[in-house]
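These are my notebook entries on a structure that I looked through residue by residue. I record what I looked up and what I found.

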Amino acid sequence: MIKIKTEKEIELLRIAGRITRETLLEVEKYVKPGVTTKQLDKIAHDFILKNDATPSFLHYGGFPGSICASVNEVVVHGFPDDRPLQEGDIVSIDVGACYKGYHGDSARTFPVGKIDGKKQKLIDVTRQSFFEGIKGIKAGNTVGDISSRVQNYVEKFGFGVVRDMVGHGVGRELHEDPAVPNYGYAGLGPKLKPNMVIAIEPMVNMGSYDIKIRGWSVKTSDGLPSAHYENTVLITDNGVEILT
């Protein structure tokens, strides 16, 4: 069931979204060769707590970290670990903050030091595909109006849009209805209504969209890099407000 949020809930979601956004900005300062994703995890964890929130991901379904840290061919759900990041890596950081029972959810892919042009293009296209997607948001449109725009933009560059992982509603639960795929057809899917809150999160592979899932681990099937860009957004009477 899709939950339409009250004005009070939206105010709490705005605060959760701000903390989530600021956590990513804090983590970004420390992304460099030699740093471990476990160190980045601690930075995020401590920052969220200092802002009177709790990490949404920690212990969620048994997940061991406050961030998902997915390096190179890891699409999503990477465990923070002790492997130092290397010059030329890319790392996707996905984080959630829960404030007074309401969640924010957001992700970015960062370069580690100097990266090659193909990886930078992948990051740039993935980010822009989110902004192309939200052009399809207005009350009365459908989820498919978002999904189709993301897919059409990404595939112009020869990249693969992940099919098996999707965006979702956000609120008192980290994952709520509706599912928000990054591919599909305009005009299909649930109707968009004012005060719906959803996370739109393109996951884009440099090569094939096929992935391999083993427990928590999600990797590209061909071993090529993947990028991730996500924001929690509020659907308004006139369009969209990005909360993260």
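**Entry 1: the surroundings of E201**

I looked up the contacts of E201, where contact means heavy atoms within 4.5 Å. Neighbours within four places in sequence aside, E201 touches D94, V166, G167, H168, N182, H228, Y229 and E230. I note that this is a predicted model, in which local features need pLDDT of at least 70 and side-chain atom pairs count only at pLDDT 80 or more, while totals for chains, interfaces and linings use all residues. Residues are numbered from 1 along each chain as its sequence is written, and side-chain values use heavy atoms, with hydrogens and water left out.

I located E201 in the loop between β9 (197-200) and β10 (203-205); strands are DSSP runs of E, at least two residues long, numbered from the N terminus.

Is E201 buried or exposed? I found E201 buried, that is, under 20% relative accessible area with a 1.4 Å probe and protein chains only, whereas exposed means over 50%. E201 has no salt bridge, which would need a side-chain nitrogen of Lys or Arg within 4 Å of a carboxyl oxygen of Asp or Glu. The nearest side chain of opposite charge is R108, 9.8 Å away; Lys and Arg count as positive, Asp and Glu as negative, and His and the chain ends are not counted.

I did find a polar contact of 3.4 Å between the side chains of E201 and H168. Such a contact is a pair of N or O atoms within 3.5 Å; within protein, one must be able to donate a hydrogen and the other to accept it, and residues adjacent in sequence count only if both atoms are side-chain atoms.

**Entry 2: the backbone**

I looked up the peptide bond from D177 to P178 and found it cis, with omega near 5°. P178 belongs to strand β8 (residues 176-180).

Which phi does K100 have? Its phi is positive, near 50°, though K100 is not a glycine. K100 sits in the loop between β4 (90-99) and β5 (102-111) and is exposed, at 60% relative accessible area. N195, also not a glycine, has a positive phi of about 75°; I placed N195 in the loop between β8 and β9.

**Entry 3: the largest cavity**

I looked up the lining of the largest cavity and found C68, S70, V75, V76, H77, S92, I93, D94, A107 and H228. A cavity is a set of points on a 1 Å grid over the protein atoms alone where a 1.4 Å probe fits but cannot get out, and lining residues have an atom within 4 Å of a point. The largest share of this lining, three residues, comes from β4.

Methods: Helix = DSSP H or I, 4+ residues; strand = E, 2+ residues; numbered from the N terminus. 1 Å grid on protein atoms, 1.4 Å probe; cavity = no way out; pocket = protein on both sides within 12 Å on 5 of 7 lines; lining within 4 Å.
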